Amino acid sequence: MSDLSINYNNTGTESMNTAASVKEILIDVLQLSSDVEFDEDTPLLGAIPEFDSMAVVTVLTSIEDTFGVEVDDDEISADIFETFGALCGFVETKV
């Protein structure tokens, strides 16, 4: 992961807000239980059956809408979706 320090402990920081928003997007798109826990090392793609190629597109669209960013096709790789921390780190670079 990059030099970004992502805070997942609800302290009100911008990074926490990003992580909380990404978590909400994943719960909504993947239709997961609202009490599911994500930490930096939580595996995503390949570990969550609901996280298929269509879900990737929907997650990216939701990220673009939520954060007001644009994700170019050449920025997308499987590495971004490897873990929750990787996805949050990617979003942090976009905002």
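Visitor: How many of the eleven residues of helix α3 are buried?
Guide: Helix α3 is mostly covered. Helices are DSSP runs of H or I with at least four residues, strands are runs of E with at least two, and both are numbered from the N terminus. Buried denotes under 20% relative accessible area, exposed over 50%, and partly exposed in between (1.4 Å probe, protein chains only). Among the eleven residues of α3, the number buried is eight.

Visitor: Which pLDDT must be reached before side-chain atom pairs count?
Guide: Residues are numbered from 1 along each chain as its sequence is written, and side-chain values use heavy atoms, with hydrogens and water left out. This is a predicted model, in which totals for chains, interfaces and linings use all residues, local features need pLDDT of at least 70, and side-chain atom pairs count only at pLDDT 80 or more.

Visitor: What is the angle between the planes of Phe-38 and Phe-84?
Guide: The structure holds two aromatic pairs. Rings of Phe, Tyr and Trp (its six-membered ring) pair if their centres lie within 6.5 Å; planes under 30 degrees apart are stacked, over 60 edge-to-face, and the rest tilted. Phe-38 and Phe-84 are stacked, with 5.0 Å centre to centre and an angle between the planes of 20 degrees.

Visitor: How many residues apart in sequence are the parts that Phe-38 and Phe-84 tie together?
Guide: Phe-38 is buried at 10% relative accessible area, and Phe-84 is buried at 2%. Phe-38 lies in the loop between α1 and α2 and Phe-84 in helix α3 (residues 84-94), so the separation of the parts tied together is 46 residues.

Visitor: Is the pair of Phe-51 and Phe-81 stacked or edge-to-face?
Guide: Phe-51 lies in the loop between α1 and α2 and Phe-81 in the loop between α2 and α3, so this pair ties together parts that are 30 residues apart in sequence. Phe-51 is buried at 4% relative accessibility, as is Phe-81 with a relative accessible area of 1%. With 5.7 Å centre to centre and 85 degrees between the planes, the pair is edge-to-face.
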